[in-house]
Amino acid sequence: METPDPAPPGSTATLAAQLFAQKPEAELLYLAQNAARYPPAVGAAAVAELGRRGLLPDTARPPAPSPPAPPETWPQLLGQLLRGLFIPSRRFLATPLLIDACLLVFGLMVGLGSVSATDPTGHQLVQWGSNVSGLTLHGQPWRLLTHVFVHAGLSHLLMNMFSLWLLGLLVEDRTGPLRLLLVYLASGVGGGLASLWWHAARGVNSVGASGAIFGLYGLLLVLLISKKLVLDKSDRRAMLGLVLYLVLSNLLSGLSGNVDNAAHLGGLATGLFIAGPLALLGLKGGWEHLVGHEQK
């Protein structure tokens, strides 16, 4: 802390310093705190005397600026992405666990069950828990749940897991893992029931997580409509438009090929009208025949 040059003897500043040297500390503090009420020399003299007595703290030096963090490299970003995809954390728990469960079941099917990784047969899918009209409604209701974790080939699995990961990032952080898990499983069961009802005449052998994933679309729509997601009006409209586009494009693509749109619609309805609204209660603002198979 620099000290000013001493004033020459007999000057006004010297006389003021001598006068203020005799004042008590309480008076000096009062004069310094209320300097605006007095001539500038009075406040300056009071501050100077307080400084001479060592009653003024030294001017705090600003902390040295911390060096900028080095930019993240592509391998680091990829590593973070993979860890968030497969490794549960406090922020994202249910989503990676569901992904890991589907990958584990597929790995067991291919590694231990000698199931084709690209084109499993309908009979093989039945052995691993697919949703089958002749079995699910006749003593094996657990297939409504197990079929959600069974997939008809690697491409089917990867497509559904990517959708699950994307929706999990959007939804789980807002709803929490338990609500997301309940909506996911309830929508999978709802999609399975809708598939059995729609294909009651011909029968169905259906597998896949997309009925449950469509339930998460429904949950996201509930979050947007109820304004549980903190977004401004333009962002909310953009997000609604994106979700509706994804839902409609998936349903339209399911019109051709071996895709079970009944399960998609059943899962969407469950998440949008039943499981989703129930799961959000209390959430503060700011759910074929044995010779062939149908993918969902």
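Is Glu49 buried or exposed, going by its relative accessibility? At 5% relative accessibility, Glu49 counts as buried, where buried means under 20% relative accessible area, exposed means over 50%, and partly exposed is in between (1.4 Å probe, protein chains only). This is a predicted model, so to speak of local features takes a pLDDT of at least 70, side-chain atom pairs count only at pLDDT 80 or more, and totals for chains, interfaces and linings use all residues. Residues are numbered from 1 along each chain as its sequence is written, and side-chain values use heavy atoms, with hydrogens and water left out.

Start with the overall picture. The protein chain comes to 13 helices and three strands; helices (H or I, at least four residues) and strands (E, at least two) are DSSP runs, numbered from the N terminus. Of its 296 residues, 41% count as buried. The chain exposes about 17000 Å², and carbon and sulfur atoms supply 68% of that; accessible areas come from the Shrake-Rupley method with a 1.4 Å probe, and for residues only the protein chains shown count as cover.

Side chains of opposite charge can pair when their charged atoms come close. The structure holds two salt bridges, a salt bridge being a side-chain nitrogen of Lys or Arg within 4 Å of a carboxyl oxygen of Asp or Glu. In one of them, Glu49 pairs with Arg52, with the closest N and O atoms 2.6 Å apart. Both residues sit in helix α3 (residues 40-52), three residues apart, or about one turn of the helix.

Asp173 is partly exposed at 42%, while Arg91 is exposed at 52%.

Just after the helix, Gly176 takes a positive phi of about 90 degrees.

Two other positive phi values turn up in loops. Most residues other than glycine have a negative phi. Ser114, however, has a positive phi of about 55 degrees although it is not a glycine. Ser114 lies in the loop between α5 and α6 and is exposed, at 61% relative accessibility. Lys227 has a phi near 60 degrees, lies in the loop between α11 (210-225) and α12, and is exposed at 58%.

Gly113 is found in the loop between α5 (94-111) and α6 (122-127) and is partly exposed at 31%. Leaving aside neighbours within four places in sequence, Gly113 is in contact (heavy atoms within 4.5 Å) with Leu108 and Trp128. The C-alpha atoms of Gly113 and Trp128 are separated by 8.9 Å.
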